[in-house]
Amino acid sequence: MRMKHLFTLTVTLFLFTQVTFSQKIRIKVAGQKDTTVHLIKYFGKGLYYADTAQLKNGEVSFNGAKQKPGILGLLLPGQQYFEFIYNNEEIWLETSGSTGSEFTKNLIVKKSEENKVFIPYVNYITKKKTEAAQLGDERNKLNPEDAQFKILGEKIDGLNKEVEVYQNNIMSQHKDKLVAKIVKMSTEIVIPEAPVDAEGNIIDSS
């Protein structure tokens, strides 16, 4: 009888260890000194501390089982941070740099199916926003009557269309992932035209 209870306890402890390990968040930041770092999370529009740990030899780990699925971030000294997705899976990320944008750009996803989609998406969006902003600055220097004004506007529209296609691909190809839901939340809501009858009168204004 005792052997049976011991076996059950052993199996329970083994399963608990496996679940905890599978939710480990491991991050390596090259070139960082040993220091205290924080795991941060969004609550509404604000960022709040979610956990605290010691970065040693450039590495830190957190127990993901303590976190709810969503966008998390690693806050480093100097108020620099980078974001990633947590969705009840083991995460192993590596990066380098000195600013938040550099950390994100240099992020290598060693393990995490969600972040293999999310990190390239973030870098893609950042790149396209930069390109659109540059084109917008050029266009703002011109008069609407200038031919180049229209050309730049068409290029901006083209970038927006590329982003839309990229987002739609993520939402259709990764429906089972949290990243697809996050991308969907960031897209603009398309309001359909009101239905009309044969004479063009609106049937249902709602």
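How many salt bridges does a search of the whole structure find?

Reply: The model is predicted, and local features need pLDDT of at least 70, side-chain atom pairs count only at pLDDT 80 or more, while totals for chains, interfaces and linings use all residues. Residues are numbered from 1 along each chain as its sequence is written, and side-chain values use heavy atoms, with hydrogens and water left out.

Side chains of opposite charge can pair when their charged atoms come close. A salt bridge here is a side-chain nitrogen of Lys or Arg within 4 Å of a carboxyl oxygen of Asp or Glu. The search of the whole structure finds 7 salt bridges.

One of them joins Asp51 to Lys66, with 3.2 Å between the closest N and O atoms. Asp51 lies in strand β3 (residues 46-55) and Lys66 in the loop between β4 (59-63) and β5 (70-76), so the pair ties together parts that are 15 residues apart in sequence. Helices (H or I, at least four residues) and strands (E, at least two) are DSSP runs, numbered from the N terminus. Asp51 is buried, at 14% relative accessibility, whereas Lys66 is exposed, at 53%. Buried means under 20% relative accessible area, exposed over 50%, and partly exposed in between (1.4 Å probe, protein chains only).

Another salt bridge connects Lys116 with Glu113, their closest N and O atoms lying 3.3 Å apart. Lys116 is partly exposed, with a relative accessibility of 42%, and Glu113 is also partly exposed, at 44%.

A further pair is found within a helix. Glu131 and Lys128 form a salt bridge at 3.7 Å, N to O. Both residues belong to helix α3 (residues 115-140), where they are 3 residues apart, about one turn of the helix. Glu131 counts as partly exposed at 25% relative accessibility, but Lys128 is buried at 12%. Together with Glu162, Lys128 and Glu131 are linked in a network of salt bridges.

Helix α4 covers residues 147-173. Its 27 residues reach 39 Å from the first C-alpha to the last, close to the 39 Å expected at 1.5 Å a residue; the expected span is 1.5 Å times one less than the number of residues. Among the buried residues of α4 are Leu152, Ile156, Leu159 and Val163. The buried residues of α4 pack against α3 and α5 (178-186), contact being heavy atoms within 4.5 Å.
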